[in-house]
Amino acid sequence: MLAGGSRRNAAPDRAGFTNWLSGYQPQAWLEFSHGYSAARLRADLVSGLTVAIVALPLSMAIAIASGVTPAMGLFTAIIGGFLVSAFGGSRYQIGGPAGAFIVLVAATVHRHGVDGLILATFLSGFIMIAAGFLRIGLYVKFIPWPVTVGFTAGIGIIILASQLHDLLGLTLSGPEPGAFIAKLTALTAALPTLNPAAAALALSTIAMIVALRHFAPRLPALLIAVLVASLAAWALSLPVETIGSRFGGIPRILPLPALPDLSGSKILAVLPDAFSFALLGSIESLLSAMVADNMSGARHRSNTELVGQGIANIGSALFGGFCVTGTIARTATNVRSGATSPLSGMAHSFILLGFMLVAAPLAAYIPLAALGGLLAVVAFNMIERHAISRLLRSSRGDALVLGVTFVLVVFRDLTEGILAGFLIGAVLFIDRMSREFLVEAARPGDLGDVPRDVFVYRISGAFFFGAASSAGSVLDRMPQDCRVLIIDCSAVPVIDSTAANVLAMAVEKARAAGMEVIIAGATTAGRRMLMAQGLRPPQVRLASRIDHALLRAARS
């Protein structure tokens, strides 16, 4: 009988697990299972080609700025980009290396080497998968807008500073420092070594990108500018550093998959970096997915997206790449280009792979000054000047969060900046909500024909730990000569455990004085919280509305 009972219980358990797992079906599977036409295929292939043209120079430039080879940037875009589209929860998301990661990647390479970077990427994938299964994606979206604007602007400034070396063709006496002030000091000392050819090439690249975006926005400005700069450097034999002179070109095939070093000491050493990658990757990817939603009217599934991002980071590390995330600029390009499904992102990866197989030797001629100019434009656009202006005008609290986040990101650490900005924003929000909380006490002379010995407290606003102290001080002043105390919670949307405990103490005090207590208008969730604190009959009566409570008080 026991065995039979176990078998009977197993079927519902399996069904429940299947239903839970179905909530994580990749968006690509859902799109294809609901029907996929030849017209959609054509649209996705065209969009994939457009995105690949944008991603090609950008992936290599981001990799170089991060302190790794351009080939690693392509491995990341090809493998990571394909897996993001294949397993993610967004219809339009394009994954790959992102400018937001440059600072973290460069710092990780400096501390642990390229092997440590790959291991941190590998571990971050498992962290993101766990976050998705724990449904943490719903909470990542709670990062305040001033924090997002502040850390994005801070990253933009750091990227601009990191590109001055290649933009000006400087020759440093030693390794380029990572700290912002030390970096600027070293670059200033190296100004006498400025290479006029490199500086002219970088400025020409920037001018070309800006002009093309203004006068011919449909053309791939980034790729055209880099191609023209490469042809000019080759034709004029300019004395500038290229991908070939620094890195020896890029390979024509993908490496075989291989596990990173999984020794315990190495894992412990890179674990903080892995958590930083997972945190920033989660924020960046979900922001990118929300941008795509706003542009297209679609809706992504945040937890499925995190699982897909985690799979992509694991896959990228296995093939020698580094951190993958959703990229806002490439995702926006994908939407504008008419994509209809995640196949466009997969197509963009195959097109990049085709470039590696066919045209990899040509990449050796790309000048680093041109890639530096490309990244300078990207970094400048990351500084959302209009958003910063609006936040500075909106309130001192938003300006404080923005400023603290920006300063810490630039001068301290990216993770510190995000966490500090989030905490300050949370404290300011709690203070704002507590100021809007109100407890009013009044004898109900105008509430109908009720006895004068009935006393009413009206509570309005979110009743939570931030408002509990002020509410407690008012409730403690309840009159001692009334027969019935009514606490009206009709205008209270939220009651947490701290607030329920304050009410429990007030009820206890009222009952000790011989009063009957009625709590009116609490929501269903609020009633559950009150009952969890022992506020149930006969200690207290619960009424659905204030008029019901007054009628009951009159009859008692």
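The axes of helix α20 (residues 465-475) and helix α21 (residues 497-512) come within 8 Å and cross at roughly 15°. Angles under 35 degrees count as roughly parallel, and α20 and α21 are therefore roughly parallel to each other. The model is predicted.

**Packing of α20 against α21**

- The crossing in which α20 passes α21 is right-handed.
- On the α20 side, the contact is made by F465, A468, G472 and L475.
- On the α21 side, T498, V502, L503 and A506 make the contact.
- Sorted by class, the contact of α20 with α21 has six nonpolar and two polar residues, and no charged residues.

**The largest cavity**

- The volume of the largest cavity is about 30 Å³.
- Its lining consists of A61, I64, A65, Q163, D166, L368, L371, G372 and L375.
- Three helices, α3 (38-65), α7 (145-168) and α16 (368-382), each supply at least two residues of the lining of the largest cavity.
- Helix α16 gives the largest share of this lining, with four residues.
- By class, the lining of the largest cavity divides into six nonpolar residues, two polar residues and one charged residue.

Definitions and conventions. Residues are numbered from 1 along each chain as its sequence is written. This is a predicted model: local features need pLDDT of at least 70, side-chain atom pairs count only at pLDDT 80 or more; totals for chains, interfaces and linings use all residues. Side-chain values use heavy atoms; hydrogens and water are left out. Axes are lines fitted to C-alpha atoms, for helices over the stretch in contact, and angles run from 0 to 180 degrees between N-to-C directions. Angles under 35 degrees count as roughly parallel, over 145 as roughly antiparallel, 65 to 115 as roughly perpendicular and the rest as oblique. A crossing is left-handed if the near helix is turned anticlockwise from the far one by less than a right angle, and right-handed if clockwise. Contact means heavy atoms within 4.5 Å. Ala, Val, Leu, Ile, Met, Phe, Trp, Tyr, Cys and Pro count as nonpolar, Asp, Glu, Lys and Arg as charged, and the others, Gly among them, as polar. On a 1 Å grid over the protein atoms alone, a cavity is a set of points where a 1.4 Å probe fits but cannot get out, and a pocket is an open set with protein on both sides within 12 Å along at least five of seven lines; lining residues have an atom within 4 Å of a point. Grid points are joined across faces, edges and corners, and a volume is the space filled by probe spheres set on the points.
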